[in-house]
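Dear colleague,

I am passing on the structure we spoke about, with the sequence alongside it.

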Amino acid sequence: MFIAPQHQPEGFRRSRVWRALTGSSLFLAAGLTGLVALGLFLANQILVTTPQGLYHRVWETAGEQIYDPATLGDWQQWEHKFDGQIHTNEDAIKFANEMLKSAKDRYTYLLSPDMVADETQRSEGNFVGIGIVFDFNTDPNTGEPVLDSKGNPSPRTDANGYPIIGKVMPGSPASSAGIKAGDAIATIDGTSAAGLTLEQVVKMLRNKQGTTVNMSVVRDGSQLPPALLTRAPISMPAVTWKLLPGNIGYIQLHGFDQLDAIEEMEDAMKNLAGASSIIFDLRDNPGGFVHNSIGISSMFIREGTVVQIKNRIAGDRSNPQYETQTVKLEADAMVLETERTDKPGKEVSREKRTPYLLNGRPLVVLVNGNSASASELTAGALKDNGFVVIGEKTFGKGIGQAVLLMPNGTMMHITSLRYLTPNGTWPGDGGNTVSHGIKPTTEVKMPGKNIEHGSERDSQLKAAVELLQKQ
């Protein structure tokens, strides 16, 4: 079941589709696909058609929606390229993704019905699985995640090529079995995990509630006996918070793609209303809904510009038109300034804003190379409005995707927008061509890999605490 997000500002409700700013696929509770966003879509796109009709609808939609139609090249050549080879929905999905790949945009692709179901679960914050999060590779020169051909980060591995677990969720089947962060998965149901892609690991770990998976791990160089894990429901909160010594409130937002992310952030801020200052942790946050990013940024910004978003208006690819919307905050309202390339003038509207909850307290934002997309929008908005950002340069994804329900239960993610921070910074296109990222106010590196956030070795959090203690 697809559920419309509940906190969409009125000014965005008039848009044709929901937009998502999603970074990399990082979370694998239950071996599900990664953190990605769901959207609303037009009723006439919810239909059943032939496999050939599905393929053609993808071809047509790409031309109408993609941000820069020039990336499609000679798009006409693809319309009938696979006629006679498409007999099933699986054929249509396969050839549609081959077609979309030619645009050289790793964030534009067609999802199968099974993957759509996974995304629905993710947006609701509920999973069935074993409760693990994978660590992944970064480029030693740039610090950016190493992505595979589908735009997913490649899992970090040990010397044997076994994928390393970055986090185990408390109370999960993996936790109950004694599996720990830093363990490397050696076998899954008797099959070696060496050299597997993230997608392959996901597929092997994913299944229904009550089913089991036999998994062995390597710890400190020794392979432990296999553990039988029973997949179970796992609730993934969007927000975790606590009060640190010195009356410092600490809030970690894990993703912007859950439907209740704004509500959870409001609860955290209200529970920390007595804190003298706030640390807002966006590390390893891969992104999500645009409206969640704007709403959450509004809790920290009393007045000022949040973001400028340039959207492709669906239409003829030979004459693309765009809408630019600048989002500003006043004390009692959100102001939307909209300009279109196909119409003169500027439209200005005022909408209800998310409440300002910082109340003048000092704020420090934490980011790293895995802070992507909507988290970069938020970090950029806060930095440009005068708040301190500590950590490492962010991922570099200043583009967003329309999320469209397509025929036969499929769903299409297609890059349809770019955004700029208030000072005009474009983070980049997530590695398609460039990844500029958001540079922190104060650069602080972690002393090693696989260091748990909030632990004694967390140098970035320590730097934030020390800064706030001096104020």
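In which loop does aspartate 284 lie? Before the reply, please keep in mind that this is a predicted model. Aspartate 284 belongs to the loop between β15 (277-281) and β16 (287-289), and although this residue is not a glycine, its phi is positive, at about 60°. Most residues other than glycine have a negative phi. With a relative accessibility of 30%, aspartate 284 counts as partly exposed, since that class lies between the buried limit of 20% and the exposed limit of 50%.

A second residue of this kind is asparagine 359, which is likewise not a glycine and has a positive phi of about 55°. Asparagine 359 is found in the loop between β20 (346-351) and β21 (363-367), and with a relative accessible area of 55% asparagine 359 is exposed. A positive phi, near 100°, is also found at glycine 386, which follows α9. Helix α9 itself (residues 374-384) is mostly covered, with 9 of its 11 residues buried; among them are Glu376, Leu377 and Leu382.

Turning to the aromatic residues, the structure holds 5 aromatic pairs. One of these is formed by tyrosine 67 and tyrosine 322, whose rings are tilted, with 5.2 Å from centre to centre and 55° between the planes. This pair links distant parts of the chain, for tyrosine 67 is in the loop between α2 (51-65) and α3 (89-101), while tyrosine 322 is in strand β18 (residues 321-330), 255 residues apart. Both tyrosine 67 and tyrosine 322 are buried.

Another pair, that of phenylalanine 82 and phenylalanine 95, is stacked, with the centres 4.2 Å apart and an angle of 20° between the planes. Because phenylalanine 82 lies in the loop between α2 and α3 and phenylalanine 95 lies in helix α3, this pair ties together parts that are 13 residues apart in sequence. Phenylalanine 82 is buried, its relative accessible area being 5%, and phenylalanine 95 is buried as well, with a relative accessible area of 8%. Together with Tyr55 and Trp78, Phe82 and Phe95 form one aromatic cluster.

Lysine 397 lies over the face of tyrosine 107, at 4.6 Å from the ring centre, and the charged end of arginine 418 sits over the ring of tryptophan 426, at 4.2 Å from its centre.

Finally, there is the packing of two helices to describe. Helix α7 (residues 261-271) packs with helix α8 (residues 290-298) at an angle of about 20°, and their axes are 9 Å apart. That angle makes α7 roughly parallel to α8, because angles under 35 degrees count as roughly parallel. The crossing of α7 and α8 is right-handed. Which residues of α7 meet α8? On the α7 side they are Ala261, Ile262 and Met265, and in α8 they meet His291, Asn292, Gly295 and Ile296.

With best wishes

How values were computed. Residues numbered from 1 in each chain as written. Predicted model: local features only at pLDDT ≥ 70, side-chain atom pairs only at ≥ 80, totals over all residues. Heavy atoms only, no water. Phe/Tyr/Trp six-rings, centres within 6.5 Å; stacked < 30°, edge-to-face > 60°. Helix = DSSP H or I, 4+ residues; strand = E, 2+ residues; numbered from the N terminus. Buried < 20%, exposed > 50% of the residue type's maximum accessible area, 1.4 Å probe, protein only. Lys NZ or Arg CZ within 6 Å of the ring centre and 35° of its normal. Axes fitted to C-alpha atoms, helices over the stretch in contact; angles between N-to-C directions. Parallel < 35°, antiparallel > 145°, perpendicular 65-115°, else oblique. Left-handed = near helix turned anticlockwise from the far one by under 90°. Contact = heavy atoms within 4.5 Å.
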